[in-house]
Amino acid sequence: MDHVHLAALDEEDLYSGYNDYNPTYDTEELENDVAFQQALRTSHGRRPPMTAKIPSTAGVRPFGNMGARVPLNSSVGRPATGVIQDGIAVARPMTAVRAAGYSSAAYRGSAFDPLGQSRGPAPPLETKNEDTCGDLQLALEKAKEAGRKERILVRQREQTASSDHINLDLTYSVLFNLASQYAANDMYAEALNTYQVIVKNKMFNNAGRLKVNMANIYFKQRNYPKAIKFYRMALDQISSSHKEMRIKIMQNIGVVFVKMGQYSDAITSFEHIMSESPNLKTSFNLILCYFAIGDREKMKKAFQKLIVVPLGIDEDDKYIPPNDDPHMNLVIEAIKNDPLRQMERERKAMAERFIMTAAKLIAPAIEASFASGYDWCVEMVKASQYVELANDLEINKAITYLRQRDFNQAVETLKMFEKKDSRVKSAAATNLSFLYFLENDFGLADRYADLAMSADRYNPAALTNKGNCVFARGDYEKAAEFYKEALRNDSSFTEALYNLGLTYKKLNRLEEALDCFLKLHAIMRNNAQVMYQIANLYEMLEDLTQAIEWLMQLISVAPTDPQALAKLGDLYDNEGDKSQAFQYYYESFRYFPSNIEGIEWLGAYYIDTQFCEKAIQYFERAALIQPTQVKWQLMVASCYRRSGNYQKALETYKDIHRKFPENVECLRFLVRLCTDMGLKEVQEYATRLKKVEKMKELREQRVKSGRDSSARGRREGSAGSENGQSNYVNSAKGERMSSKLKSLPGVNDPYETSNNKDIDASYVDPLGPQIERPRTAARKRVDEDEFADEELGDDLLPE
């Protein structure tokens, strides 16, 4: 304690002033400094920064008493720097450069941190917006922006003489990403230029591999020679240690040769791959090349190689859980449908698809007949790991018989599966039901539909066939139930949905039928038949605007469909728009000049508009199409007469009389014309007219007496004929045609003394009764009251 010196109270403190703080040195408060902010708003604050090297402001200052210092104020509220001369502080000009790492925070005890490392971790990256996924244009813009920033970074490093620190990997990544985005946006020229920049730079290691990408672009541009060139250049620059990549490039080379039609060169590539690393795609492509050159033996050898290609997947036995190990049961349940298992299923399904396609392709070519070829393929498949495909090949054999119209062989082939397992039996019985339905043997069709349902109740095709058989018997309510059950098992089974719509149409439940076809349209957007059914239902619901709208959509899909065009013209005609109706009827006539309804309407239109000469060509065409129907020739003669060409009209009537000597209408016109023209033949035609009228009267009396005597017999025998009436065409079409002819102008003309209904009284359709089938909107008019075979037969394939 003797050596401890205690400072007296009045003694000066040597360390006073060290804790004093002058607020003028606080640069963080400059935002609130009015004078400083005013200076920033003046030209002094907006002057450009100086680029010259600024001399240091450090100077030698005399030591003084820190506690006795005097604050030095400046005009902007900032302390001026300077030196002390003769005890007077001389101010220096202020500079805009502040020493790095020094601030007023140092006076408050903050650490020296020129790099800002004490700021803590960087903020987290922005979350990815899911809405931008798949936006190729945005990706390209980002890639361009990355390229610009990378070039700025390189220039800055060059200016600071730090070129040795340039990151080549970063430059490579930026350029490669930019080229990839160009290619993704189909900007192939820009992508190739960017790839060239990378490939030509020797500083980038392994850049030669990118020639594969360039070859892919040339392939997309169909520049196959250049694609081959770049594939081979890439192959030369890839070492043999990268075996898998070399195999893929050689496979691409083979595909390009196939595109060029050079099958021998393609075979060379594919055979080398099969010898080094066989795979499914190469094996299938090799079969296609052998088929193209017609080499039977090599097709067989290639098929044998295809069915022995290793899939590299585990057996299904490992997914069967043991009963005595609960832990293993949980593990197997977890891996039963994991991504690896799904990949195995996809690979196996792809192998089966390749085998089935190859068998269907080569079967007709490897033997004298396709049946022998199928038999050979079946034997090969039975001896391989794809034993279950043999039955599918047999069913495809039956379908091939069906396509060749050999129904007997198809039936015999399918009957062999009646004693097979349930899946195969159901598929075979479904196809047999369909075959018998096409042959109108509804009894056997119903029997095999029941057999298919008993083998597999959840088979939608079998349920649809059963519904078809019930529909053919007229039990529409029950048919609808089968169609609905098929849809419950498979909601995307379009055949059942289409037939359900037709069934509701039969039951006059138009709203429900419309709902079915609208659902079907959502599945099959460009199906013309579905569009026609929707338009027809709107017409039946008397919503002509919607009907026209759907027909317009129909002709946008099938612009050359004459019946759709004619129907559209008919709807416009019903609305009174004759000009639009004429446009669509004329378009229909251009595509189908033998359509009687269109010919009749166009002829009537020209007569109505007083252009009888133009109507003649349409009625003459109708006479060529139906030469036994006298009314068309009478209309030709009538047009000549209306146009004032009486001589031509007389010659036409005489020609008609020679062909139809008992036609009363023709004789009446001949009598009138000869009388008005003062011809001598008038008496001859008048005598013939009386004779024909008398014969006609006697004939009508005999017909009337015969009808009276047989009326009771017809009533007794017609009880069972109700079901057969659907086989005959409704006479509404004929009545409609006659009504159009009755509405033609000039009916009260003095030359037309007889009723128009006598014109076609003696006509008999030479084709006899016809059956109209509905689902043919793309080929002929659809009558909603009939039932189509086509939509009932779409369930041919047992898929």
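This report covers the nonpolar core and selected salt bridges of a predicted model.

In the largest nonpolar core, which holds 183 residues, Phe303 and Tyr653 touch the most other members. Leaving aside neighbours within four places in sequence, Tyr653 is in contact with Leu634, Ala637, Ser638, Arg641, Cys666, Phe669, Leu670 and Leu673.

Across the whole structure, a search finds 23 salt bridges, and the table gives three of these pairs.

| Pair | N to O distance |
|---|---|
| Arg473 and Asp446 | 3.8 Å |
| Lys484 and Glu481 | 3.3 Å |
| Lys654 and Glu681 | 3.8 Å |

The salt bridge between Arg473 and Asp446 links distant parts of the chain, with Arg473 in the loop between helix 19 (460-472) and helix 20 (476-489) and Asp446 in helix 18 (residues 442-455), 27 residues apart. Arg473 counts as exposed because its relative accessibility is 53%, whereas Asp446, at 14%, counts as buried.

Lys484 and Glu481 are both in helix 20, and because they are three residues apart they are separated by about one helical turn. Lys484 counts as partly exposed at 25% relative accessibility, and Glu481 counts as partly exposed at 42%.

The salt bridge between Lys654 and Glu681 ties together parts that are 27 residues apart in sequence, because Lys654 lies in helix 30 (residues 646-659) and Glu681 in the loop between helix 31 (664-677) and helix 32 (682-717). Lys654 is partly exposed, with a relative accessible area of 22%, and Glu681 is partly exposed, with a relative accessible area of 27%. Elsewhere, salt bridges that share partners join Asp446, Asp450, Lys466 and Arg473 into one network.

Notes. Residues are numbered from 1 along each chain as its sequence is written. This is a predicted model: local features need pLDDT of at least 70, side-chain atom pairs count only at pLDDT 80 or more; totals for chains, interfaces and linings use all residues. Side-chain values use heavy atoms; hydrogens and water are left out. A nonpolar core is a set of buried Ala, Val, Leu, Ile, Met, Phe, Trp, Tyr and Cys residues joined through side-chain atoms within 4.5 Å. Buried means under 20% relative accessible area, exposed over 50%, partly exposed in between (1.4 Å probe, protein chains only). Contact means heavy atoms within 4.5 Å. A salt bridge is a side-chain nitrogen of Lys or Arg within 4 Å of a carboxyl oxygen of Asp or Glu. Helices (H or I, at least four residues) and strands (E, at least two) are DSSP runs, numbered from the N terminus.
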